Amino acid sequence: MKQLLSTFILFTLLSFAGFSYAEPDAAVQTTTLATPAEPAAVAIPAATPAEVAAPVAAPTPTVNKGDTAWVMISTVLVILMVIPGLALFYGGMVRAKNMLSVLMQVFVIFSMMAILWAVYGYSVAFTEGNAFFGGLGKMFLSGITPDSMAATFSKGVYIPEYIYVAFQLTFAAITPALIIGAFAERVKFSAILLFMLLWFTFAYLPMAHMVWYWAGPDAYTDAAAAETAGATAGFLFQKGALDFAGGTVVHINAGIAGLVGCLVVGKRIGYKKESLAPHSVTMTMIGASLLWVGWFGFNVGSNLEANGLAALVFVNTLLATAAATLAWVAAEWLMRGKPSMLGGASGAIAGLVAITPACGWSGPMGAVFLGLVAGAVCFWSVTSLKSMLGYDDSLDAFGVHGIGGMIGALGTAVVASPALGGTGVWDYVGNTVAEYNMLAQLTSQAWGVGMAVIWSGAVAFVAFKVVDMLIGLRVTEDVEREGLDVSEHGETAYHL
Amino acid sequence: MKLITAIVKPFKLDDVREALSDIGVSGVTVTEVKGFGRQKGHTELYRGAEYVVDFLPKAKIEVAVGESLVDLAVEAITKAANTGKIGDGKIFVTNLEQVVRIRTGETGDEAL
């Protein structure tokens with residue numbers, strides 16, 4: 001069987017090498033692909049000769065019904081990722097006596113973050129402020145009406161601000177929910193909710209602002225205007241860090257908080273002594289599949305427009321996930337002798353995580369490459385690295401989301417290169433693809449990773465300590481033995 | 001009267017039931033059980049965490065028979081449950097002091 005597998009891998013690698021020869025063509029295609037996204041620039045012939053150097057007069061902002069519909073569907077898809085997707089993915093991996101505690105944590109965190117998002121989250125993340133925090137001008141969503149518009153990535157193209165609020169809400173809600181995987185089966189429900197309130201406010205919101213807040217493409221009319229607009233953008237946006245759908249904001253951010261969490265909370269009773277095996281890999285497989293489906297909303301929806309680039313993001317999301325599944329399963333088969341369903345599901349999530357920051361800039365073969373790397377490295381991180389370092393990251397929130405996120409964030413600099421089939425980075429002043437410098441981009445990406453690690457790590461550490469002092473993080477030994485379902489929630493998942 | 005307790009491989013349960021019916025045994029009680037013996041367990045691997053599963057699932061069959069049927073029943077179970085591999089199970093025979101049919105109050109051999 002191993003021989004068969006080796007042949008298969010060799011074949012895959014060979015065909016991959018073959019594809020890379022074809023990539024210059026792909027680069028040309030993706031360049032032309034980006035052009036239709038700028039129809040407004042072409043449609044305005046009224047420029048006087050004096051304005052020729054800056055041919056883009058302000059286009060009339062319009063809301064496209066197709067884009068609006070797509071972002072609405074995407075928002076629903078991301079909700080599908082969280083509840084039930086993430087809840088079942090995580091729930092299947094705990095013991096039966098803790099099943100409901102995980103489902104409940106995900107469900108309530110989602111609801112709580114939704115309300116916090118409307119109260120102050122959206123305003124702090126997505127209005128102009130300083131480079132780290134936005135303002136409070138849109139607290140309680142004040143001032144937003146059905147006519148309010150949010151910028152997309154094309155000049156003159158907008159979506160209704162309400163749906164942008166809702167779409168970004170789902171991101172703010174899934175990220176804290178990811179963290180619970182690191183310390184599942186042993187933390188008080190009340191402690192988790194208080195921690196999430198603190199972490200959301202002081203880690204998620206500033207990271208989202210730093211990476212994603214900008215004045216929108218319409219502000220970039222000429223070099224001077226671009227500089228003015230650029231100065232109002234978030235810290236990492238100004239650094240040029242690319243994060244299409246949340247590699248740093250969502251995955252590294254949550255992964256690091258998880259790592260800090262499992263270090264502060266400590267190991268589960270019986271770790272490495274008793275069986276802590278997943279109670280239902282079936283549930284985990286269902287959850288992983290729902291995550292995969294929902295992730296098309298997460299990644300493709302992040303394009304905010306239903307256009308050719310969205311289609312590229314779609315293909316990238318599909319291919320990277322498939323590649324990572326194969327890589328994890330193959331690595332497991334070779335190293336441990338048997339390919340497991342849990343491995344397949346884990347590999348898929350690793351691939352989804354890794355392609356998330358890169359999906360709008362990578363070419364399809366870049367996505368396959370990123371997926372293969374993420375699948376193999378994340379397998380190593382949860383099987384070997386975790387044992388070597390001796391922390392009990394119950395459901396591998398750090399091993400998959402933290403490590404996978406870093407691979408994706410740094411890998412973005414590689415796969416975005418037009419020379420390797422990527423789209424390169426759009427220059428909104430010149431309205432063309434900018435010259436690409438991989439090393440410079442890698443530095444920008446490293447800024448993103450470093451900032452996420454330090455910021456999230458520090459906030460998480462302080463928040464865990466504060467919660468521990470106020471209400472205590474861990475349940476008692478008796479409660480942990482009996483299971484959180486009965487003792488924390490007063491119910492049992494299965495009556496068989 | 002004797003109580004025969006047989007621990008067999010779960011997939012042999014139907015064969016054993018048929019074999020017992022054929023010799024005139026009119027009822028058995030079956031329980032799903034776990035245990036260990038010479039047949040070692042197996043290991044399960046979840047994301048690198050290895051768990052040894054020592055207790056394997058078996059079927060426990062309890063059947064009460066009159067003296068005349070004891071040897072026949074033991075032989076029937078032995079034949080039906082045999083695969084020749086480690087883990088086929090065991091048969092225990094113990095004395096049975098009293099049997100009561102709850103519906104009628106009959107006792108002893110009449111209650112079997």
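Modeller: Let us begin with exposure, which is judged by counting neighbours. A residue is buried if 20 or more other C-beta atoms lie within 10 Å of its own, exposed if 12 or fewer, and partly exposed in between, with C-beta atoms placed from the backbone. Phe133(A) has 19 other C-beta atoms within 10 Å and is therefore partly exposed. This is a predicted model, in which local features need pLDDT of at least 70 and side-chain atom pairs count only at pLDDT 80 or more, while totals for chains, interfaces and linings use all residues. Residues are numbered from 1 along each chain as its sequence is written, and chains are lettered from A and ligands numbered from 1 in the order in which they are written.

Biologist: Where is the place of Phe133(A) in chain A?

Modeller: Phe133(A) belongs to the loop between helix H5 (99-126) and strand S2 (149-151) of chain A. Here helices (H or I, at least four residues) and strands (E, at least two) are DSSP runs, numbered from the N terminus.

Biologist: Which residues is Phe133(A) in contact with, once its neighbours within four places in sequence are left aside?

Modeller: Two residues are in contact if their C-beta atoms lie within 7 Å. By that test, with those neighbours left aside, Phe133(A) touches Val124(A), Pro206(A) and His209(A).

Biologist: How should I read the backbone angles, and which residues have a positive phi without being glycine?

Modeller: Asp396(A) has phi near 60°, and Arg47(B) has a phi of about 50°. Asp396(A) sits in the loop between H14 and H15 of chain A and counts as buried because it has 27 C-beta neighbours inside 10 Å. Arg47(B) sits in the loop between strand S3 (42-46) and strand S4 (49-53) of chain B; its 22 C-beta neighbours inside 10 Å make it buried. Another backbone angle is omega: the peptide bond from Ile83(A) to Pro84(A) is cis, with omega near 15°, and Pro84(A) is part of helix H4 (residues 65-91) of chain A.

Biologist: How does one describe two helices that pack together?

Modeller: The angle between their axes and the distance between the axes describe such a pair. Axes are lines fitted to C-alpha atoms, for helices over the stretch in contact, and angles run from 0 to 180 degrees between N-to-C directions. Helix H13 (residues 341-358) and helix H15 (residues 397-415) of chain A have axes that come within 7 Å and cross at roughly 40°. H13(A) is therefore oblique to H15(A); under 35 degrees counts as roughly parallel, over 145 as roughly antiparallel, 65 to 115 as roughly perpendicular and the rest as oblique. Among the residues that make this contact are Ser346(A) and Ala350(A) of H13(A), and Gly404(A) and Gly408(A) of H15(A).

Biologist: Within how many Å do the axes of H1(B) and H2(B) come, and at what angle do they cross?

Modeller: The axes of helix H1 (residues 13-22) and helix H2 (residues 67-81) of chain B come within 8 Å and cross at roughly 150°. These helices are therefore roughly antiparallel to each other. Asp15(B) and Leu20(B) of H1(B), and Ala73(B) and Lys79(B) of H2(B), are among the residues in contact.

Biologist: Which residues have the most contacts inside the largest nonpolar core?

Modeller: A nonpolar core is a set of buried Ala, Val, Leu, Ile, Met, Phe, Trp, Tyr and Cys residues joined through C-beta atoms within 7 Å. The largest has 165 residues, and Leu86(A) and Val106(A) have the most contacts inside it. Helix H12 (residues 308-336) of chain A gives the most to this core, 16 residues. Apart from this core lies another, of 17 residues, among them Leu13(B) and Ile77(B).

Biologist: How many residues of chain A are in contact with chain B?

Modeller: There are 14 residues of chain A in contact with seven residues of chain B. H14(A) supplies the largest share of the chain A side, four residues. As for chain A as a whole, it has 18 helices and five strands, and 56% of its 496 residues count as buried.
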